[in-house]
Structures are given as C-alpha cells and as structure tokens.
Amino acid sequence: MGINFRKETFRDDFTFRNSPENIRRFPFPYHEDAYMYSVNIEPHVPGPKNSVFEHLVDVDEHYVSEMQDRAMVLAEDPLRCQSLPHMTLAGWDLLELLMTEKAASYPEHFSLTREGDRWHWINRPLGIDDTFTFGDVSTLPYGPMEYITRQSQGDFAILDQRDNNLWMDAGMITTQADWSLDFDIGMNFFEWHAPVPLAHEMGVFTRALKFLTNIQQGKPARRLNWTMTINPRLDTSPENFHKWGSDRLTVTPENVGEKVHLRVELQSFWRLPRSNALVFPIRCYLLKMDELVTVPKWARRFHRVLRDLPVELAEYKGLTRYRQTTVEWLSKYDDGAPTSPGF
Ligand code: HEM
C-alpha cells in the first residue's frame with residue numbers, strides 16, 4: 001500500500017500534523033532520562049518495519065508538502081542551495097544514490113530505468129517524468145544535486161575530503177536548526193562546529209572526524225540529534241530569524257501542546273563512489289507536545305531530559321525562553337515512575 005501524502009503547511013497557518021501511525025514511528029532520541037553530547041554513531045542498516053529505519057532513505061506522509069515548502073524557500077533565497085565547481089561529480093553520485101534507494105524501497109511511487117547513460121526517472125507523488133543523460137548537466141533542469149534534493153526530504157551537506165578533514169563545499173539546506181550554508185560554505189569540520197558548547201572539550205569532534213573520514217562505500221552510518229521549535233516551521237534559518245525568532249516569546253501554559261515541537265534529526269553519513277565525497281543527509285522529524293504525550297513513556301522521559309538539560313545546551317539550542325513553561329506543562333504527565341533504559 002502506498003503512502004497517503006498529507007496536504008499541509010509549515011508556515012503561516014501551520015496546518016502540519018502527524019497521523020497516529022506517524023507518531024508511532026517518530027524517532028524518539030533518548031535512551032535514558034538525561035541527555036549529554038556523545039559520539040553516538042552506529043551503522044545505518046535497515047531497521048524494523050514501520051520504523052523510520054525500515055528503509056535507508058525514509059519517505060513519509062509529509063513528503064509532498066515538505067518539497068513544496070523547499071521550493072518556496074528557494075524561490076525567495078537561491079543561496080540555500082550551493083555547489084562549488086569541483087563538487088558536480090559528487091552531485092551525480094548523490095543523484096544516483098537517492099534515485100536507486102527510493103526506487104528500490106518505494107516502487108509504487110518512484111521508478112528508475114537505466115540504459116547505459118540514458119536514465120528514465122519517474123517520481124509519481126511530484127508528477128515528474130524525466131529522461132536524461134547521466135553525467136550531462138545540460139539534460140537536467142537543475143544541477144544534479146539541486147535536481148534530486150528538490151525531490152528528497154531533509155537537508156543535504158556534501159563534504160569534500162582532503163588534508164584529513166571534511167570541507168562543506170556543497171549543500172541543499174532549507175530546513176536547518178539555525179545555521180547557514182551560505183555562512184559555512186568552504187569551512188572545515190572544526191570551523192563549522194565552532195559554535196557548539198562543551199563538545200570540543202569532550203573530544204567529541206576529534207573522534208567523530210576520525211570516524212567519518214574512514215567511512216567506506218556501502219557502509220553508511222547514522223546518529224540522532226535533536227532540538228525544539230516553536231510552531232512546525234521547517235525553515236528556522238539565521239537568514240529568516242526575523243520571521244521566527246520572536247515565536248519563542250509566544251509560548252503560554254495554554255498553548256504548549258500545540259506550539260512547542262520536538263525536532264529530531266536523523267543524520268546519516270555515506271561515502272560516494274566516484275567523487276570520494278561524503279554526503280550528510282539531515283532528515284528532520286517534528287512532533288507536537290500534544291502528540292508526544294500520547295506515548296506515556298516518552299512524556300515521562302522528555303519531562304526529565306528537558307528539566308535537567310545542562311544550561312549550556314539549553315542556551316545553544318535556543319530553548320531558554322520557553323523551557324520552564326514546557327517543563328511545567330510536561331510535569332503533569334510524569335508520575336515519577338522509573339523508566340526502562342534503552343527504549
Ligand atoms: C551541530 C554539521 C557531523 C555533533 C552542527 C551544526 C552544523 C553541523 C552545521 C550547527 C553548528 C552551528 O551552531 O552553527 C555537521 C556536518 C556533519 C556533522 C555537515 C557531517 C560531516 C557531526 C558528528 C557529530 C556532530 C559526526 C558527533 C558525533 C554535533 C553536535 C552539534 C552539531 C553535538 C550541536 C547540536 C545541538 O546541540 O543541537 N553540526 N555535523 N556533528 N554537530 Fe555536527
């Protein structure tokens with residue numbers, strides 16, 4: 001059975017919602033009642049049916065509406081998509097990866113037929129049916145990275161690997177948690193991570209970089225990261241801070257359930273075959289507090305994580321203005337019972 005794509009918005013009237021089935025597959029990111037940064041990387045292998053890990057590239061009910069939101073962001077600000085000249089080959093690598101994964105995992109929605117370099121791609125949810133020559137940019141309406149990431153949920157950073165470091169030399173970034181591709185383009189792993197508190201001192205980034213530069217083709221890895229967002233807004237960029245920054249002052253005990261969202265990023269890391277670049281898809285999942293508390297063990301645990309979060313992390317993630325109101329609201333759902341580790 002195919003996916004039932006929702007018609008919804010991530011701006012203005014904010015009609016985004018999760019169906020009950022989608023709530024159940026939300027990647028709840030905490031393994032215990034407290035949270036601190038760590039090198040939480042594991043192999044990106046297929047997981048249980050009906051989970052976000054079932055397929056290595058996940059497509060869900062928000063796909064069509066998220067792609068419409070991306071098109072609106074790009075129409076206003078084309079610099080959200082950039083690729084330095086030496087990254088075009090990596091763009092073709094990414095196009096191949098996403099087309100083959102989608103066609104294999106969701107044959108009712110996507111199909112790819114290859115005859116030598118002549119490729120025929122059908123994307124039924126978005127009404128796309130294109131034939132092009134792999135490697136020939138003039139046969140596509142956009143560059144290869146832009147073409148395929150306009151059809152793929154989540155942000156994508158493509159990293160060139162040289163001098164034992166990773167360089168952010170291309171990306172499609174329209175759903176980010178307050179960082180800017182236009183600012184970070186051309187930076188290396190330590191430079192773009194400079195604003196993150198505590199993790200540098202803990203050695204997280206030195207170890208993470210070592211791991212990433214050794215990733216091999218066909219053996220992707222993944223990790224979860226999280227933050228919070230007021231209203232189900234995908235585009236929380238520094239470029240548009242004037243549109244969403246003040247939303248953080250609007251949270252009251254009456255509207256926490258509807259306005260406050262947990263925002264989880266499923267980040268994966270893949271070696272690309274021809275360019276030897278690394279691609280970093282950042283897939284964003286949103287969950288309203290009203291939706292989160294429908295799962296009692298999540299409500300209990302999230303109350304404790306948010307209440308006890310180190311102040312440096314709360315400040316960096318931008319939660320300070322509404323953290324207390326949200327913790328008090330969540331406390332109604334925490335009976336103090338012990339939780340099991342690891343769920
Ligand atoms: C934050 C990119 C891999 C840990 C960030 C930020 C960017 C970023 C742009 C926001 C920095 C800012 O405030 O401006 C990337 C890219 C990666 C990558 C492109 C892949 C090559 C990793 C890995 C780890 C990691 C492997 C750790 C194991 C973190 C942490 C934060 C962060 C802890 C702060 C997040 C928060 O508190 O919400 N990353 N990252 N990153 N990154 Fe990475």
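Tutor: The ligand takes up the space of the largest pocket, where a molecule counts as sitting in a cavity or pocket if more than half of its atoms lie within 2 Å of its grid points. The search behind these terms runs on a 1 Å grid over the protein atoms alone: a cavity is a set of points where a 1.4 Å probe fits but cannot get out, a pocket is an open set with protein on both sides within 12 Å along at least five of seven lines, and lining residues have an atom within 4 Å of a point. This is a predicted model, in which local features need pLDDT of at least 70 and side-chain atom pairs count only at pLDDT 80 or more, while totals for chains, interfaces and linings use all residues. Residues are numbered from 1 along each chain as its sequence is written, and side-chain values use heavy atoms, with hydrogens and water left out.

Around the ligand there are 24 residues, of which Tyr37, Trp192, His193, Tyr316 and Lys317 come nearest; a residue is near a molecule if one of its heavy atoms lies within 4 Å of it. By class, this shell holds 18 nonpolar, three polar and three charged residues, where Ala, Val, Leu, Ile, Met, Phe, Trp, Tyr, Cys and Pro count as nonpolar, Asp, Glu, Lys and Arg as charged, and the others, Gly among them, as polar. The largest share of the shell, four residues, is supplied by α7, the helices (H or I, at least four residues) and strands (E, at least two) being DSSP runs numbered from the N terminus.

Turning to polar contacts (pairs of N or O atoms within 3.5 Å), a polar side-chain atom of Tyr37 lies 2.5 Å from an oxygen atom of the ligand. For Lys317, a side-chain N or O atom is 2.9 Å from a ligand oxygen, and for Asn225 the distance from such a side-chain atom to an oxygen of the ligand is 3.4 Å. Two or more residues of the shell around the ligand come from each of α6 (189–192), α7 (204–213) and β8 (221–230).

The lining of the largest pocket divides into 30 nonpolar, nine polar and eight charged residues.

The largest cavity holds about 150 Å³ and is lined by 13 residues, with Leu56, Val57, Asp58, Ser268 and Pro281 nearest its centre. The strand β9 gives the most to that lining, with three residues.

The second largest cavity has a volume of about 110 Å³; it is lined by 18 residues, and Asn18, Asp60, His62, Tyr285 and Leu286 are the closest to its centre. Here β10 gives the most, with five residues, and the lining divides into eleven nonpolar, three polar and four charged residues.

How values were computed
Polar contact = N/O pair within 3.5 Å; in protein donor to acceptor, adjacent residues only side chain to side chain. Points joined across faces, edges and corners; volume = space filled by probe spheres on them.
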